Amino acid sequence: MEPKAIHEKLIGEFGDKVLSVDLEAASPFAVVATEAIADVASFCKDDPDLAFDNLMCLSGVDYPGEDPPRMEVVYHLLSYTHHHTFALKVHTPRENPAVPTVEGIWGVANFHERECWDMFGIAFTGHSDLRRILLPDDWEGFPLRKDWEDPEYYNGMHVKPTEQMAERALAGEQIGVGPFDFDPPNAHVEKE
Amino acid sequence: MDITYDLLLRIFPALADAPSWVLVAIVAGLPALACFAFMGVGPVIYVYAERKISGFMQDRLGPMRVGKWGLLQTIADTVKLLFKEAIFPRDVDRTLFLLAPIIVCVGAFLPLVVIPWGARLQTADLNVGVFFVAAISSLSVIGLIMAGWASNNKYALFGGMRSAAQIVSYEIPAIMLLLVPVMIAGSLSLQDLVAVQAGGLQNWLLFRYFPIMPIAFVMFFVAGMAECNRTPFDIPEAESELVAGFHTEYSGFFFAMFMMAEYTEMFVISAVSSVLFLGGYLSPFPGGVLQTLGPLPLGWFWLIFKAWFLIFVMMWLRWTLPRLRVDQLMHVAWKVLLPVAFVLVVVTGFFVLLPETANGFLWDRWVAWPLTLAFVAFLFVVMVRALRWNRRRAQELAA
Amino acid sequence: MSASELTPPAANDWDPEALDTDEMILQMGPQHPATHGVLRVELRTDGEVVNAARPHIGYLHRCFEKHCENVDYPGVMPYADRMDYVAAMGNTLGFALAVEKLAGIEVSPYVNTVRVIMAELQRIASHCVAVGTYTMDIGAFTPFLHLLRDREKVLDLFEWTCGARLLYNYNWVGGVSHDLPDGFGRAARDLLREFDAITIPELIDLIIGNKIFIKRLAGVGVCSPELGISYDLTGPNLRGSGIPRDLRKDAPYCGYESYDFEVALGEGRFGPLGSCFDRNWVRVVEMRESSRILHQALDRLEKMERTDVHEKVPKRVKVPKGEVYFRSEAPRGQLGYYVVSDGKANPYRVKVKSPCFTAMSVFHHLARGMMIADIVALIGSLDIVLGEIDR
């Protein structure tokens with residue numbers, strides 16, 4: 001099916017839940033109301049004409065500059081039966097973002113949603129196991145948000161070694177020059 | 001011990017007058033020393049051989065740097081292992097942890113006591129020699145379990161449990177199959193077993209009762225291989241599953257002891273197989289040709305030749321075959337080897353009791369030599385083909 | 001398949017206190033010889049039998065996607081190389097194609113052919129590692145070294161072309177970094193001839209047809225087509241389940257539609273379709289098919305007029321506002337790049353759909369009820385590279 005036909009099919013089923021569409025993009029997509037995404041997704045999978053049995057990719061994108069500031073979750077769908085692709089998008093506010101989960105529809109969404117939570121802090125309501133996946137469990141913050149700033153310390157370790165080394169070099173210390181420089185990068189933390 | 005004593009008096013008649021404790025010390029000490037020397041040197045040779053053989057099989061050279069052709073590599077490795085720190089992880093059971101490699105080594109080395117190197121060259125000719133080998137070699141399983149348990153590591157525990165299951169299971173068919181040659185010889189003494197096979201290759205137990213004994217030999221060898229944890233039966237230390245199995249936590253000399261035990265066990269299994277089936281220290285030629293070279297007895301040479309050939313086969317298999325899974329391993333032991341072993345024992349017993357076939361079937365004499373020659377020819381052809389292929393490829397690459 | 005079947009075990013049913021008395025938790029990895037890197041698998045085992053398994057990833061996380069937002073488009077390439085370090089050509093090719101699609105750059109047929117040659121050589125090299133390490137997981141060491149020997153020759157070709165053996169930075173937006181050296185065609189043909197005539201038959205004789213190997217793998221880790229699609233298994237993993245989906249056929253890029261080759265499929269010859277054996281078998285056959293493509297590409301290259309490989313490389317990559325999701329067939333499966341551009345020099349957002357990441361998501365499903373040795377076989381058959389999973 002062509003993207004246009006897919007869009008019309010979605011409009012026909014969900015009406016005003018399909019907010020907008022861009023069929024001219026390199027990968028055509030439709031924006032769907034956040035609360036309806038689970039229904040739309042399951043319709044996309046079960047409808048014999050659409051038959052989107054594969055979720056290729058689920059990505060979060062942060063748009064702090066838009067009005068209003070928002071985050072997006074993008075679902076790239078593929079049908080192995082008909083071999084057509086389409087993308088769905090949902091918008092969610094940057095404060096306490098939440099999107100219904102689709103892991104019951106495509107198994108792979110489990111990992112993708114965990115990654116999205118890990119990187120953007122988008123909570124997927126109804127997700128069975130929403131934990132950090134790539135970052136350590138005790139990590140604070142969501143690094144792929146545009147307003148992310150690298151932390152100074154992680155678990156008491158200085159994690160900005162270059163700045164610290166610059167400081168030490170400016171203080172007149174010779175770093176990495178002598179035969180042995182056994183001072184660990186976070187030595188000054190212990191001294192303090 | 002009396003044989004050594006005898007031998008000693010023959011060579012040095014003057015010793016008859018010496019005090020008895022000197023004699024005892026010499027008689028007990030010399031063979032022990034010889035055994036130790038062989039044990040100490042043996043694994044060094046086998047490890048080098050293993051690395052070279054695997055290297056050639058894998059289209060590489062193996063160790064080349066230390067000494068000519070890397071000959072001193074294993075010696076360097078041994079020295080390194082000796083000087084390495086023996087690490088005791090926290091919370092190991094120190095007593096068991098230390099005891100385990102010792103027990104494994106004892107279990108591996110002690111059977112060498114009864115291996116006959118010649119008609120009079122044997123530390124002790126026990127009248128229950130075969131039984132002794134079987135009993136002592138299963139001692140090492142205790143050491144393996146101890147190592148697994150004491151390491152306080154789940155992988156080591158898995159390795160220990162696996163090795164217990166495996167060795168105990170394979171012990172049963174192995175012992176059943178030991179009975180087959182024992183029944184033919186009518187004795188448990190290894191000397192008697194060799195004596196039965198005197199008179200050239202066609203008298204070897206391998207070629208008695210033609211289709212029966214070769215099967216028994218192959219099965220015994222397989223069971224033996226399983227007992228010394230070699231691939232395809234190396235599940236207790238399967239490095240891709242259990243990291244290193246029961247010796248995960250061992251380092252330095254204690255680790256070296258496990259290696260030493262493993263390679264010695266290989267030798268023991270090979271030597272016992274050759275004694276039971278391949279004529280032990282007897283030369284394969286009829287009429288005692290090459291049994292001695294002038295005044296020099298060649299018995300030790302034939303035994304080592306046969307045993308090393310079997311060790312080579314073990315290495316060959318190791319670098320060719322993948323590893324079995326636990327349940328498949330048990331399947332082989334309990335559902336294939338054991339029933340067949342029982343059948344073999346019963347059938348052989350029947351034929352041994354039957355007066356017409358007390359010493360083998362009629363056609364035994366006619367199959368032995370052709371089979372052997374065919375086997376040697378096969379090996380030769382394989383080797384020639386491999387060499388030719390290698391040369392052709394070298395030419396192609398050069399072109 | 002119902003939704004409940006697809007739901008993974010809940011997070012908190014792993015309390016050690018709540019375990020059955022026969023069970024224990026075994027941490028496999030992150031330092032374990034068979035996890036192909038720093039994967040940690042938490043196994044709940046009853047003796048040798050695994051009752052449940054949970055993969056923990058992220059030990060190699062470098063936040064590739066954040067890197068991308070801080071460098072310009074050509075600057076992404078070295079980072080993309082470092083994702084799937086076993087098949088770096090495929091990564092950069094995917095990203096280059098995605099950006100070219102977004103920026104509307106068309107490269108010449110010559111560059112396309114060069115890219116196909118490099119990608120297919122890389123596929124051979126990558127599958128050599130995959131099949132080789134797999135045989136090592138099963139316990140046979142020799143085939144691994146045989147295959148590494150042949151991979152080495154492919155790497156020699158890469159080194160000859162672009163100076164690097166592992167991380168090439170070869171595919172650029174709008175071209176490739178270096179033209180093929182003179183005599184490349186002949187060297188590649190020599191390699192392929194030896195590969196076809198010796199390596200593959202030897203590999204099949206030595207290990208793939210080995211009875212123990214087959215017994216260990218056929219019937220283990222069976223993945224049904226529905227499960228595979230739902231968990232987004234791609235590439236050889238999905239084809240192992242008998243689904244003839246290959247992007248080089250279905251959504252061709254770089255002119256793949258003009259090459260004559262077969263899509264390798266699992267046959268289920270020794271057990272149920274979709275087992276570990278099938279997935280491995282697909283890789284073996286794919287090496288042969290890659291060699292076929294390479295022969296055609298090399299033929300074509302001889303007749304083709306050489307163009308400057310930097311012809312279309314822009315001085316500054318200008319990408320209009322927009323977004324694209326581009327997938328390419330990397331050796332490990334569909335590698336997808338979701339690139340969002342806001343018209344500036346740096347990408348606004350790059351999301352990578354890594355084939356290994358999604359393959360890992362089905363792991364807990366397939367691992368249930370296996371033995372520990374099968375877990376190793378399963379991890380190996382999914383052919384994961386942790387650099388790509390963790391990105």
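Val31(A) stands opposite Lys89(A), a residue of strand β5(A). This is a predicted model, in which local features need pLDDT of at least 70 and side-chain atom pairs count only at pLDDT 80 or more, while totals for chains, interfaces and linings use all residues. Residues are numbered from 1 along each chain as its sequence is written, and chains are lettered from A and ligands numbered from 1 in the order in which they are written.

**The sheet of chain A**

Let us start with the strands. Helices (H or I, at least four residues) and strands (E, at least two) are DSSP runs, numbered from the N terminus. Two strands pair if DSSP finds at least two bridges between them. Chain A has an open sheet of five strands, ordered β1-β2-β5-β4-β3, with mixed pairing. At its edges lie β1 (18-22) and β3 (54-63) of chain A, each pairing on one side only. On average, neighbouring strands are turned by 20° against each other, direction ignored.

β2(A) and β5(A) run parallel and are joined by four bridges. Strand β4 (residues 70-78) of chain A pairs with strand β5 (residues 85-93) of chain A in the antiparallel sense, over nine bridges. Along this pair, Glu72(A) stands opposite His91(A), and His76(A) has Ala87(A) as its bridge partner. β4(A) and β5(A) form a hairpin with six residues between them, and His83(A) in the turn has a positive phi of about 60°.

Angles here run from 0 to 180 degrees between N-to-C directions, with axes being lines fitted to C-alpha atoms, for helices over the stretch in contact.

| Helix of chain A | Strands of chain A touched | Angle between directions |
|---|---|---|
| α1 (residues 3-14) | β1, β2 (29-32) and β5 | about 175° with β1(A) |
| α2 (residues 37-46) | β2, β4 and β5 | about 170° with β5(A) |

**Two helices of chain C**

In chain C, the axes of helix α6 (residues 142-162) and helix α7 (residues 184-208) come within 10 Å and cross at roughly 170°. That makes α6(C) roughly antiparallel to α7(C), a term for angles over 145 degrees.

**Where chain C meets chain B**

Contact means that the C-beta atoms of two residues, placed from the backbone, lie within 7 Å. By this rule, 27 residues of chain C are in contact with 22 residues of chain B. Elements giving two or more residues to the chain C side include β1 (23-28), α5 (109-138) and α6 of chain C.

How values were computed:
Parallel < 35°, antiparallel > 145°, perpendicular 65-115°, else oblique.
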